[in-house]
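Hi everyone, thanks for making the time. Let me put the structure up, and then we can walk through a few parts of it together.

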Amino acid sequence: MRWALVRVSLAVTAMVVLAFAVPLGLVIKEMAKDRAFSNAERQAATLGPVLSIAQGREQLEWAVESSPIGDTGQLAVHVPASGEPGSVPMEIGTRRAAQRDLLATERLGRASIAEVSGGSALLQPTAISTGKIAIIEVFVPEDEVLGGVTTAWLVLAGVGIALIVGSVAVADRLGVRMVRPAQRLAGAAHDLGEGRLGARVPEKGPTELRSAAIAFNSMADQVVQLLANERELAADLSHRLRTPLTVLRLNAASLGESPAADQTRAAVAQLEREVDTIIRTARKAKPQTRATAPGVGCDVSEVIRARMGFWSALAEDEGREVRLAGVGRPVRIPVARPELAAALDALLGNVFRHTPEGTAFAVDVHHAEDAVIVLVSDAGPGIADPEAALVRGNSGAGEGSTGLGLDIVRRVAESTGGDVRIGRSVLGGTEVRIWIGLDGRRATRPAGERRGHRLRRRRSEH
């Protein structure tokens, strides 16, 4: 594109320069010629009055010699015979014009120009006292006719070349201004294709290329976000495997001592490590709150009863007391059933994983006008640093923890305009409160319900 623009500019400028310079050069040549012959006419005109009154050859010679160009050999006077007996034609000065040109000028009675060797001759007819017509011949050398023309042509050529060079330079700069943004765009696209997701294009240049750069950067951001969402989804789906793994681990613990039991426990431990590896690998994703699609929802009471039925069997095996409240009537929330079930499993799995056997826990549901509040509390030792526990990807001190459980819960709550808080439960341990908005707006909390640490969406450090 750059060189095409330079070639076009060169061709157009060259045609314009030729279209103006050639006629202008010819005009300058004609002007120089007119100036030379105008000067010759003035010289002839100064000699005309003298010829009209001069008598004899001596006076004519004196008149010719007294003129400005008389002593340069450029002036001649041709006087015909007077018609008296014994009179003869006289020629004073150096004659250059042919006889036929002199006769033609005398016959026509007006000035004419004759081509002679080394230049041109101006032939000016003048009436003298004898009634005859004398011819004044002024020689104009070719150098005088072309005087200054060569210089003018050189100046014109220099101006034309300067215009061509200037137009080519301007076209080259314009080409660079257009090509460089396109090259940056192509380079960024190549980098993005090779996996360098941080490649972006400066949003500058011509309007069209600036729009293309903005569109490319927006596309790159979307690609990064889509990849982050895919990794986040992989982490979340892997985290959901922790629930059945917890069941397997607890069941394996009750198998007693035998080679088969040891192999089962080893296999469960290996599987837990593999799941943890998948989660840690995938949790480079950038957290994102996802809005629930219109028409998607579930009955929070029914989902809690179903999940508590699953966890109650494990609670009975470990001697845990379980309390369930507020699930006696249907309560619709704008959350998909699998999402809510995954959030509950993450919280209840944390209770079984991080509290001793025999520790009681409870799940309560409170229904307000614009929100549903789900409380998951336990009688365990509590969380020493709630702020650290709320950071996405923070595994804390517990072995096998990936720190994504509470993040799954947060995403469910924030998708409805709610949030998550951690506080101290009435049972003496930890209480996790999930605020689920019913209309997508921030839920209104009673003044007495504002204690605890809110789960903030944070960017995990890599």
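Why is strand β4 (residues 119–127) largely enclosed by the rest of the structure? Because 7 of its 9 residues are buried, where buried means under 20% relative accessible area, exposed over 50%, and partly exposed in between, with a 1.4 Å probe and protein chains only. Strands here (E, at least two residues) and helices (H or I, at least four) are DSSP runs, numbered from the N terminus.

Before I go on, a word on the source. This is a predicted model, so please keep in mind that local features need pLDDT of at least 70, side-chain atom pairs count only at pLDDT 80 or more, and totals for chains, interfaces and linings use all residues. Residues are numbered from 1 along each chain as its sequence is written, and side-chain values use heavy atoms, with hydrogens and water left out.

Now the overall view. The chain has 12 helices and 13 strands, and 39% of its 462 residues count as buried. Take contact to mean heavy atoms within 4.5 Å: among the contacts in the chain with a separation of 6 or more, 67% come from residues 24 or more positions apart.

Back to β4 and its partners. Two strands pair if DSSP finds at least two bridges between them. On one side we have strand β3 (residues 112–116), which pairs with β4 in the antiparallel sense over 5 bridges; A114 stands opposite A121 there. The hairpin of these two strands has 2 residues between them, and G118 takes a positive phi near 85 degrees. β4 also pairs with β5, again antiparallel, over 9 bridges, and this time A121 stands opposite F139.

Let's stop at F139, which sits in β5 (residues 133–141). Is F139 buried or exposed? It is buried, with a relative accessible area of 9%. Leaving out residues up to four places away in sequence, F139 touches Q74, R96, V116, S117, G118, G119, S120 and A121. Take R96 from that list: it is 43 residues from F139 in sequence, yet their C-alpha atoms are 7.7 Å apart in space.

Next, a helix. At the start of the helix, a side-chain oxygen of D299 comes within 3.1 Å of the backbone nitrogen of S301. After α9 comes G319, with a positive phi near 70 degrees.

One more strand to finish. β9 (residues 361–367) is mostly covered, with 5 of its 7 residues buried. It runs parallel to strand β7 (residues 322–325), joined by 4 bridges, and V363 is the bridge partner of L324. A hairpin of 3 residues joins β9 to β10.

Key. Polar contact = N/O pair within 3.5 Å; in protein donor to acceptor, adjacent residues only side chain to side chain.
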